[in-house]
Amino acid sequence: MTSLILEGGTFRPIFSAGIMDALLDNDIMAPYCIGVSAGITNAFSYLSRQKRRNLEVLENFRNDKRYLSFKNLFNCRSIFGLDFVFDTIPNEINPFDYDTFNKYTGKVLVGVTNALTGKSEYLNGMELDKKCTMLRATCAIPMAFPSIMINGTPYFDGGLCDPIPIRKAIEDGADKHLIILTRPKSYKKEISRGVKITAKLLKRKYPKLTPVFLNRHEKYNETVKFCEQLEKEGKAIILRPSEEEKIESFEKDVKKLHEAYDNGYKLAMSRMDEIKKLFSN
């Protein structure tokens, strides 16, 4: 079984959306899809076969204050307008095709971080509700989002604990992998002052998250090396932007976002023969 692995990164995964649209153009539907944050959120439009939907949303709303603005903090304790992003857009403005999505016969897992245990959990994406609660949870960046409650348990961004959930895919039986990263090969994660401050601020309410924050950079770098080893062994294809093509997590320039999408699409098309072979096995 071949897996599709998706890293997050706020707006960086528009690059991944371009890749997934290339897969759609070649009638490639992954039988197993797992990811975190905006990576897996974008994958839902791939699974519903709505080409360019992710790009349309960013082009139309990236700089709309209803979508992203500090004013939203007063309404929903998030810089993102949660109800606008996860309810109004998919249910009214740019409708998500639930009927097509529900015909998907594979497995889709949404990675989230349990705020009480500090452990990763993987939610069944086929159980997505109309409020997109699990997608809110996987995108819930601490300090920029409130924790998201699911069945009485608070959750945060899935990328905190398992930013590239390759080992979960292997545990579930996947032996070939298309891994989409949103940072260039040269990137090495380092612990920042902001991360240390966040860990300190959350320590009293969510003490199990402290080591998650303080060790996250080491886990991320180790996981990238693991993915690269799988690629050397012929078990994976890694697609990621070049140093020149990278964009910021909160990129404001819609033109650059469109270019990142195009870069992902072109990269996937340039390696489509390899990708088809990966999925044909």
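These legends accompany a set of close-up views of one predicted model.

In this predicted model, local features need pLDDT of at least 70 and side-chain atom pairs count only at pLDDT 80 or more, while totals for chains, interfaces and linings use all residues. Residues are numbered from 1 along each chain as its sequence is written, and side-chain values use heavy atoms, with hydrogens and water left out.

**View 1. The largest nonpolar core has 75 residues.** A nonpolar core here is a set of buried Ala, Val, Leu, Ile, Met, Phe, Trp, Tyr and Cys residues joined through side-chain atoms within 4.5 Å. Buried means under 20% relative accessible area, exposed means over 50%, and partly exposed is in between, with a 1.4 Å probe and protein chains only. Look for Leu4, Ile14, Phe44, Tyr67, Leu178 and Ile275, the residues with the most contacts inside the largest core. Helix α1, residues 14-25, gives the most to this core, with eight residues. Helices (H or I, at least four residues) and strands (E, at least two) are DSSP runs, numbered from the N terminus. Another core, of 16 residues, lies apart from the largest one and includes Ile179, Val224, Ala236 and Ile238. In soluble globular proteins, nonpolar side chains tend to be buried together.

**View 2. Phe44 and its contacts.** Setting aside residues up to four places away in sequence, Phe44 touches Phe96, Phe101, Val108, Val110, Gly125, Leu128 and Leu135; contact means heavy atoms within 4.5 Å. Phe44 is one of the buried residues of α2, together with Ser37, Ala38, Gly39, Ile40, Asn42, Ala43, Ser45, Tyr46 and Leu47. Helix α2 is mostly covered, with 10 of its 11 residues buried. Arg49, which follows α2, has a positive phi near 60°.

**View 3. The largest cavity holds about 510 Å³ of space.** Of the 27 residues lining this cavity, Thr41, Asn42, Tyr67, Val85 and Phe86 are the closest to its centre. On a 1 Å grid over the protein atoms alone, a cavity is a set of points where a 1.4 Å probe fits but cannot get out; a pocket is an open set with protein on both sides within 12 Å along at least five of seven lines, and lining residues have an atom within 4 Å of a point. Grid points are joined across faces, edges and corners, and a volume is the space filled by probe spheres set on the points. A search of the whole structure finds three cavities of 30 Å³ or more. Helices α2 (37-47), α3 (53-61) and α5 (82-93) each supply at least two residues of the largest cavity's lining, and α2 gives the most, with six. By class, this lining has 20 nonpolar, six polar and one charged residues. Ala, Val, Leu, Ile, Met, Phe, Trp, Tyr, Cys and Pro count as nonpolar, Asp, Glu, Lys and Arg as charged, and the others, Gly among them, as polar.

**View 4. The largest pocket has a volume of about 730 Å³.** Ile141, Leu160, Lys189, Val195 and Arg216 are the closest to its centre among the 30 lining residues. The elements giving two or more residues to this lining are α9 (193-202) and α10 (210-232), and the largest share, four residues, comes from α10. Sorted by class, the pocket lining has 13 nonpolar, 10 polar and seven charged residues.

**View 5. Leu214 in helix α10.** Leu214 counts as partly exposed, at 34% relative accessibility. Beyond residues up to four places away in sequence, Leu214 touches Ile191, Lys196 and Ala199. The C-alpha atoms of Leu214 and Phe44 are separated by 31 Å.

**View 6. Cysteines in a structure with zero disulfides.** A disulfide is a pair of cysteine sulfur atoms within 2.5 Å. The sulfur of Cys139 is 9.9 Å from the closest cysteine sulfur, in Cys132, so the two are too far apart for a bond. For Cys227, the closest cysteine sulfur is in Cys33 at 15 Å, again too far for a bond. Cys139 is buried at 10% relative accessibility, and Cys227 is buried at 0%. Cys132, in the loop between β4 (119-124) and α7 (133-138), is buried at 5% and has a positive phi near 55°.

View 7. Asn151 is exposed, with a relative accessible area of 81%, and has a positive phi of about 55° although it is not a glycine. Leaving out neighbours within four places in sequence, Thr153 is in contact with Asn114 and Ile148.
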